[in-house]
Amino acid sequence: MYDFIIIGGGVTGALIARTLSRYQVKVCLLEKESDIGNHATLANSAIIHAGFDPEPGTLKARLGVRGNAMYETLHKELHVPLLRTGAYVVARHEDDVAILNALYERALKNGVEGAKLLSGEQARKLEPALHRNSVKVLDLPSTKVTYPWEVALSALENAVSNGVEYRLEAEVVGIVRTDKVYAVTLANGHALKSKAIINAAGAFADKVAGMIETHVPYKITPRRGEYLVLDKSVRGFVERVLYPVPTEKGKGVLVVPQVHGNILLGPTSEFQDSPSAVTNHQADLSMIRQAASTLAEAIPFDKVIRTFAGVRATSSAKDFYIRQSLEHRGFYHVAGIDSPGLTAAPAIAEYVVETLIKQDYDLESNPDFNPYGMQYPHFHEASLAKKRQMIAENPAFGNIVCKCERVTEAEVLMHIHRPCGGHSVKAIKKRARAGSGLCQGGYCEGTVVKLLARELKQPLETIDYYRKDTPILMAETKVKR
Amino acid sequence: MKTDLLVIGGGAAGIAAALEASAQGLEVLLLERDTQLGGILNQCIHNGFGLHVFKEELTGPEYAERFIHMFHDKDIAYKLNTTVLDIRKEDAGFVVSASSLQEGWLELECRAIMLASGCYERTRGQIQLPGDRPKGVMPAGSAQRYLNMDGYLVGKDVFILGSGDIGLIMARRMKLEGANVHGVAEIMPHSNGLTRNIVQCLHDYDIPLFLSHTVTDIRGKDRLEGVTIQQVDENWKPISGTDKHFSVDTLLLSVGLVPDTMVFESLDIAMHPVTKGAVVDQHYQTSIPGIFACGNALHVHDLVDYVTEESRRAGRAAARYVKGLSVRQKRLALNSGANIHYTLPQYIDTADFNGVISCMFRVTKKAEQGEFVIRQGDRIIQRKKARFLAPAEMEQLDLDQTMLSDHETPLTLDFEVIRP
Ligand SMILES: Cc1cc2nc3c(=O)[nH]c(=O)nc-3n(C[C@H](O)[C@H](O)[C@H](O)COP(=O)(O)OP(=O)(O)OC[C@H]3O[C@@H](n4cnc5c(N)ncnc54)[C@H](O)[C@@H]3O)c2cc1C
Ligand SMILES: Cc1cc2nc3c(=O)[nH]c(=O)nc-3n(C[C@H](O)[C@H](O)[C@H](O)COP(=O)(O)OP(=O)(O)OC[C@H]3O[C@@H](n4cnc5c(N)ncnc54)[C@H](O)[C@@H]3O)c2cc1C
């Protein structure tokens, strides 16, 4: 019997798990995929927004601004990467200026630090790629960029080291409550019991809620966002995140420098029925090129190395919907977590545990809680002396597996065997970055498959690209060289 | 110890350049990231290598083996499992950082560098193919490596996008291994592969080739389930109503190769927008004196024989540089004119120009007959008639120094179509 079951292993669920692990409670996180964070947490703009656009007083405004500040602590404790870029919100016509001024006022009300207005000319001096039509700019120096997926991974791994359990390929398909105990059924037939449930199922949250609530208080309408990724050789093309002035449809197409040197262009914003379909559409991709070109001059589109899409959990509640069920005590909705959900995630976790749960449960501190996550070295970023030392201690650091991102065999092995290790090609790509570069795995995919097979003691043809039963190598041939 | 010439890459190009530079008396060190020498040739187990250099038809590994033998005979220094990561310029030469499985981190000093790191394959992301992103979409060369080096098929029902040579070769290869190859789509109105490959790999096996077609949708949640192709108009826009669907588990991409110049990242070397390799003069010298490039790392070749010939010239030029025999004074541009995709070299070093320069180039369109004309200003200084021209086939023209009228006016190469 668990005290808490968390449904959903995105950044929200992972940080809630970590926050709960500060207390003496028995927690299990359930994730339906074969790896954590494969939905919104994997495919988003990666921005820790300053908090300039949500309406003052909303949870999005409050938790967004608080979350932004909390990333400094996560950076120290969990070593999540943080690029302190700052951002410009850009008015490109005179008509935009009034809206920009209003956003400035809103930023002040929301408590955004350092917000100020600049002329287009002033801004272009600091950000030369900014479009020459830029009239006025809202400067938001507290904006940052992280690697969202790693936030979820390191939070979960830290939670696990503090006693939390987690299960992958554990899709919740039924929830019943009898005698104050929840029984959760998984797709594989297993059943788990818990005193309380936290629904952090992202774009699927209304479906999960529907398993127990007679009236689900919100409806989620999935909203797809597509992106283009520029190779890291464009590093420095822009220093800051560039936003257009937001419209009804959202924040618009942005230009976002990433922690690994790439630049993201996107997202688009299209409603769709499926909470999981991440299809790229020709029309969206063209729209990105066109829209991004009104924000920045001479974008090097010939450096596009990849496209992707993510799905926002846009809900009818407009704001985040974070509260206990009205029907079922101990069932917590953490729903409608669309933008700025990544930014707010640490504050959402704090709010759920410290405010909501503590109202109902006595939580006793976990005296053994260790806030510090494991640190995994990046060979390429080490100093020359450090590199020599690393190789001396472990020769596998000398073997470069991925030439584009300069990832060594030692790093790949580490990410296979770490507590929340990766066991598929894509899981290694996300952890070690092998295959994320210019050639997209052309050089290293085969090596990664072989290392996985060797380390997991499995035949080559069982190594999956990502989900179960997606092997890269389908059939052995007669001819062997 | 300071090496005279450090060669990056031990494929056809690196070996030929190293052999030639060593024959000229240079101290050479070759670094190769793989576990063996030979480069891409090792996975090209089909025939068709060596017709020019050896006057016989060899497989890729056989061609490589002959050069590897010569290389070992000369006792040229080399290191395997050693990846070059960075190059720094120092007063009297360069320092190359490399990481080696056996020796760890290396900082190697040298007087000159030969980049012979080959090329990589353009990916799905680079051409921004829409649709789902399941497993089963991969570059044809990767599939070739899995099949020929590791002994594994990546799929059983295959469609191929792009009619580059690797795609064509793989169509036949997968067919022979029992896979069902449903077709090849090419967005251009002509094939990008060698004519002999169209005939021997597609026609002979009844594999349909859809010219002026591209993939417009990819379906499959986890594994590829199918692709849709559509005909395109002259602006490459898909024409509605021309959809054809194929139920396949594999989509191989043969949509172009790009010179791998990653180790140049921290250097300010002038790059060519079309070849995507460095801009060079007839000595294969880049905009940084002492750094040379050859083979697929410079521009993508269809025939290994040309790689070998080019790399030998590059090796000789590097030797002249190290011995202080080449003095770069004036660089005269050789521009790509009408119907010319690119030329190589793009510059001519007139201070050190004796004899004949082998200019390589590609045309932008197919023609049955035409003429190549090199002009300096208004003056025609060289012309050559040619037949059966196609963008996929590299052309060559020898430029004679004595024909130059001066050392100031840039040259232009035009391709004048006589019969399309
Ligand atoms: C295009 C786009 C751009 C964005 N940009 C930003 C940005 O720049 N800054 C920002 O702050 N925010 C941004 N966001 C929002 C942010 O990404 C999300 O708010 C955040 O990732 C949500 O995390 P989550 O854990 O709530 O959801 P998810 O990451 O979607 O996780 C939910 C998890 O629940 C699992 N699950 C669902 N159903 C079940 C079940 N029945 N059983 C078990 N597991 C289940 C899913 O598999 C999934 O892993 C963006 C979002 C998108 C889509
Ligand atoms: C699939 C395919 C089919 C072909 N078919 C034919 C044919 O039928 N007939 C024909 O004549 N020609 C054919 N060719 C063309 C010809 O074989 C190649 O152009 C030629 O072999 C390329 O030689 P290279 O040395 O430039 O490159 P490669 O052979 O690619 O060698 C480059 C080497 O550099 C190494 N390297 C790269 N980066 C680094 C680094 N940073 N540090 C250390 N080492 C590094 C690589 O590991 C590799 O071994 C084919 C080419 C391909 C790709």
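**Ligand sites, cores and loops**

Guide: A backbone N or O atom of Ser45(A) lies 3.2 Å from a nitrogen atom of ligand 1. That is a polar contact (a pair of N or O atoms within 3.5 Å; within protein, one must be able to donate a hydrogen and the other to accept it, and residues adjacent in sequence count only if both atoms are side-chain atoms). This is a predicted model: local features need pLDDT of at least 70, side-chain atom pairs count only at pLDDT 80 or more, and totals for chains, interfaces and linings use all residues. Residues are numbered from 1 along each chain as its sequence is written, chains are lettered from A and ligands numbered from 1 in the order in which they are written, and side-chain values use heavy atoms, with hydrogens and water left out.

Visitor: Which residue has a polar side-chain atom 2.6 Å from an oxygen atom of ligand 1?

Guide: Leu342(A) reaches an oxygen atom of ligand 1 through a backbone N or O atom, at 3.1 Å. The side-chain pair at 2.6 Å belongs to Thr343(A).

Visitor: How much of ligand 1 does the protein bury?

Guide: Around ligand 1 stand 38 residues, each with a heavy atom within 4 Å of it. Alone, the ligand exposes 1,000 Å² (Shrake-Rupley method, 1.4 Å probe; for residues, only the protein chains shown count as cover). The buried part is 98%.

Visitor: Which chains surround ligand 2?

Guide: The shell has 36 residues, and Ala13(B), Glu32(B), Ile40(B), Asn296(B) and Val304(B) are the closest. The site is shared between chains, because the residues around ligand 2 come from chains A and B.

Visitor: Which backbone atoms lie 2.8 Å from an oxygen atom of ligand 2?

Guide: Arg33(B) pairs a backbone N or O atom with a nitrogen atom of ligand 2, at 3.2 Å. For an oxygen atom at 2.8 Å, one backbone N or O atom is from Asn296(B), and another is from Val304(B).

Visitor: Which residues have the most contacts inside the largest nonpolar core?

Guide: A nonpolar core is a set of buried Ala, Val, Leu, Ile, Met, Phe, Trp, Tyr and Cys residues joined through side-chain atoms within 4.5 Å. Buried means under 20% relative accessible area, exposed over 50%, partly exposed in between (1.4 Å probe, protein chains only). The largest core has 131 residues, and those with the most contacts are Ile322(A) and Leu252(B).

Visitor: Which helix gives the most to this core?

Guide: Helices are DSSP runs (H or I, at least four residues), as are strands (E, at least two), numbered from the N terminus. With 11 residues in the core, the top contributor is α8 of chain A, residues 341-360.

Visitor: Is Pro371(A) buried or exposed?

Guide: Pro371(A) sits in the loop between α8 and α9 (384-393) of chain A. Beyond four places in sequence, its contacts (heavy atoms within 4.5 Å) are Arg18(A), Glu77(A), Leu78(A) and Asn158(A). Its relative accessibility is 18%, so Pro371(A) counts as buried.

Visitor: What is omega for the cis peptide bond of Gly266(A) and Pro267(A)?

Guide: Pro267(A) lies in the loop between β16 (263-266) and β17 (270-271) of chain A. The bond that joins Gly266(A) to Pro267(A) is cis, with omega about 0°.

Visitor: Is Arg406(A) buried or exposed?

Guide: Arg406(A) is not a glycine, but its phi is positive, near 55°. At 10% relative accessibility, Arg406(A) counts as buried.
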